[in-house]
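Subject: Structure handover

Hello,

Here is the structure for you to look over. My notes on it follow below.

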Amino acid sequence: MSNEFEEQANNEVNEEMPSMADLFAETKEVKIGDTVIGEVLTIDDNDQVIVGIEGAGVEGVIPKRELSATPVDDISEIVKVGDKIELVVVKPIKEKENGSFLLSKRRVDAKKVWKELEEKAENNETITVPVKSVVKGGLVVDAGVRGFIPASMVEDFFVEDFSKYKGQDLEVKIVEIDPNENRLILSHKEIAAEKRAAERAEKLEQFEDGQIVTGEVARLANFGAFVDLGGIDGLVHISQIAHHHVKHPSDELEVGQEVEVKILSVDKERGRISLSIKDTQEGPWENIEEKAPKGATLDGVVRRLVDFGAFVEVFPGVEGLVHISQISHDHIAAASEKLEEGQEVQVKVLDVNPEEERLSLSIKALEEAPKREEGDRQPRQNKRRDNNRQSSGRQDNRQRQNTQHVEEETSFTFGDLLGEQLKDLNFDEE
């Protein structure tokens with residue numbers, strides 16, 4: 001009976017204890033590039049992780065740099081004793097004190113990341129990445145592997161200083177991916193533009209034509225000023241800055257200045273707002289009869305010289321006409337004989353028409369008329385009638401051609417422009 005128990009026990013032992021030949025047969029060969037499973041045995045004083053390679057009967061070493069694609073401060077946050085992790089065999093180790101092979105967890109993780117990134121690129125998906133550093137030419141980000149955003153793909157506008165992006169999380173699109181070259185090019189530009197467009201469309205709904213709102217001058221250009229209306233910019237064209245002529249927006253405005261503006265139009269399709277500053281201000285012609293009553297003497301500046309006289313600005317945005325007959329007591333053929341643009345002059349108000357926004361002015365009315373000798377005076381009735389007819393004949397064609405143009409340009413009628421000359425004509429002569 002005892003022999004039977006001994007035989008049964010020996011059989012059970014033989015079944016549980018494989019022979020050395022069996023063990024060698026089951027041990028797989030480890031080669032460079034193989035993916036293996038390693039069980040963490042210990043972490044040595046040099047922050048190296050010692051693992052046992054399953055099925056190989058040998059140990060391997062994971063250097064700290066091969067644990068993660070990002071810098072590691074505390075190894076225990078990544079692996080702990082007893083963990084089983086997937087590793088790739090990098091190379092054999094000649095001095096086998098701590099293990100026979102150099103292993104990498106980082107490279108296994110990278111393979112998985114590259115595969116996921118390729119799938120996202122194919123599906124045109126976006127990813128969110130933290131900005132790790134700012135370098136010449138763009139931003140370095142962590143996408144599980146190193147990624148790069150060129151400077152031209154960070155925003156849809158010019159960025160002078162990229163330092164503010166460090167530490168930020170950016171949503172990006174994959175522009176180019178090549179795992180073999182470890183190349184990953186990303187772009188935030190399109191997403192930023194789409195986001196701003198959506199925000200702009202939402203804010204545009206807050207504004208209506210004719211509204212008076214307060215904003216801040218964001219930037220100046222040759223053609224006008226951009227005003228920030230609370231996260232959305234509107235344009236005040238240079239012609240809408242003031243009632244008077246503005247050479248450059250910087251002559252009237254400065255960046256950061258708070259201004260009141262009127263909304264002229266909201267173009268929701270193009271995402272644009274047109275604004276006016278001058279429409280919120282009193283018009284230059286308001287109360288003009290009080291500011292420039294008939295008979296008043298005003299200081300002005302010659303702004304334009306024309307064939308029939310000169311336009312003199314007496315208030316910002318208010319110009320009056322000095323007809324050629326009102327420039328000098330002397331006979332002149334052109335206003336340029338006595339005046340030049342930019343010249344400061346004194347004028348007398350002859351007539352005020354606030355409805356049509358017209359001022360009739362005179363320079364000679366403020367000057368003393370020259371005295372004439374008695375012999376120099378010639379009676380009007382002694383002038384030859386044929387000379388009058390020849391002179392008027394030559395002028396009629398020119399007057400007819402210019403009448404319409406003059407009236408449209410100045411808002412003065414042709415009769416206004418002739419001034420006192422009409423009243424001197426004797427219509428009773430045969």
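Phe162 is buried, at a relative accessible area of 14% (buried means under 20%, exposed over 50%, partly exposed in between; 1.4 Å probe, protein chains only). Before the rest, the ground rules. This is a predicted model, so local features need pLDDT of at least 70 and side-chain atom pairs count only at pLDDT 80 or more, while totals for chains, interfaces and linings use all residues. Residues are numbered from 1 along each chain as its sequence is written, and side-chain values use heavy atoms, with hydrogens and water left out.

Aromatic pairs

There are three aromatic pairs in the structure. Rings of Phe, Tyr and Trp (its six-membered ring) pair if their centres lie within 6.5 Å; planes under 30 degrees apart are stacked, over 60 edge-to-face, the rest tilted. One of the pairs joins Phe162 to Tyr165 and is tilted, with 5.9 Å centre to centre and 40 degrees between the planes. Tyr165 is buried too, at 3% relative accessibility. Another pair, Phe223 with Phe226, is edge-to-face: 6.0 Å between centres, planes at 90 degrees. Phe223 is partly exposed at 43%, whereas Phe226 is buried at 18%.

Charges over rings

A charge counts as over a ring if NZ of Lys or CZ of Arg is within 6 Å of the ring centre and within 35 degrees of the ring normal. Lys291 puts its charged end over the ring of Phe315, 5.4 Å from the centre. Arg304 lies over the face of Phe311, 4.3 Å from the ring centre.

Strands (E, at least two residues) and helices (H or I, at least four) are DSSP runs, numbered from the N terminus; two strands pair if DSSP finds at least two bridges between them. Strand E3 (residues 58-62) pairs with E5 (residues 101-104) in the parallel sense over two bridges. Val61 stands opposite Leu102 in E5.

A buried arginine

Arg358 belongs to strand E20 (residues 358-362). Arg358 is buried at 10% relative accessibility.

Best wishes
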